[in-house]
Amino acid sequence: MTEHAPENTQLFLTAPMPCPYLPGKMERKLFTHLTGRRAPALHALLSDNGFRRSQNLIYRPACEGCAACQSVRILAREFDFTGRYARILKRNEDIEVSVRQPRATAEQFALFKRYLEARHTGGGMTAMNFVDYEYMVEDTPVQTVVVEYRLGGDTDKPLVAVALTDVLPDGLSMVYSFFAPEFDKRGLGNLLILDHIRQVRLAGLSYVYLGYWVEESQKMAYKGSFRPLEVQRGPLGWRRLD
């Protein structure tokens, strides 16, 4: 039992598996189920202590001799929309944003598959079918939204990016996001984060939770550029990243 979970919360430990981020390393996860009326409160409590939701589970790394995975969140109120971030926003002024209930659609799934095939060839998620995707989006015991991004300048307004996002008392947690790989020059991955920062500020909240950041992993490098950033340091709580 961790000191951050209520006494009646059962925590489980996975068996060791190859780490997806650091070659030669093994990963283990501490997890519990989110069920019933207390799910939102438990989700908020554990998220504040470095856990991450996946469907009706919430977990955090518990690897022996390794602490490379660090839970990070952006200090939205202090974020400066200048420089390259301003250019990304300018480049994507024709993108229309809509916030929807967590319902999976065939249009989302087609974009999801294109994204995985271009960005994560050989990854475990590439084998997902529509039912798997439906569970990923809709199997949530907490307040979750799907944020859709459409190319408003096109008469057909095609879907070009999607973010699956949890709403927390102090901010937004980006559970998973994907975008059209053919629009690489637009910086859509960065746009999604920038838009979440804007939404958090408009709502008078404080943070955008980005999940785990592995400094040594190229896949995760983009997260470290969104400063100011805080890292969850276990018993020490959240600490600003220098």
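Predicted model: local features only at pLDDT ≥ 70, side-chain atom pairs only at ≥ 80, totals over all residues.
1. Residues are numbered from 1 along each chain as its sequence is written, and side-chain values use heavy atoms, without hydrogens and water.

2. Strand E6 (residues 57-61) runs antiparallel to strand E4 (residues 29-33), to which five bridges join it, and leucine 30 has arginine 60 of E6 as its bridge partner. Strands are DSSP runs of E, at least two residues, numbered from the N terminus, and two of them pair if DSSP finds at least two bridges between them.

3. Strand E5 (residues 52-54) is also antiparallel to E6, with three bridges, and arginine 52 stands opposite tyrosine 59. Two residues separate E5 from E6 in a hairpin, where glutamine 55 in the turn has a positive phi of about 55°.

4. The largest pocket has a volume of about 1900 Å³; of its 49 lining residues, Tyr21, Met125, Val175, Tyr176 and Met220 are the closest to its centre. A pocket is an open set of points on a 1 Å grid over the protein atoms alone where a 1.4 Å probe fits, with protein on both sides within 12 Å along at least five of seven lines, and lining residues have an atom within 4 Å of a point; the volume is the space filled by probe spheres set on the points, which are joined across faces, edges and corners.

5. The second largest pocket holds about 490 Å³, and Pro61, Ala62, Cys66, Ala67 and Cys69 are the closest to its centre among 30 lining residues. Strand E7 (69-75) gives the largest share of this lining, three residues.

Definitions and conventions: Helix = DSSP H or I, 4+ residues; strand = E, 2+ residues; numbered from the N terminus.
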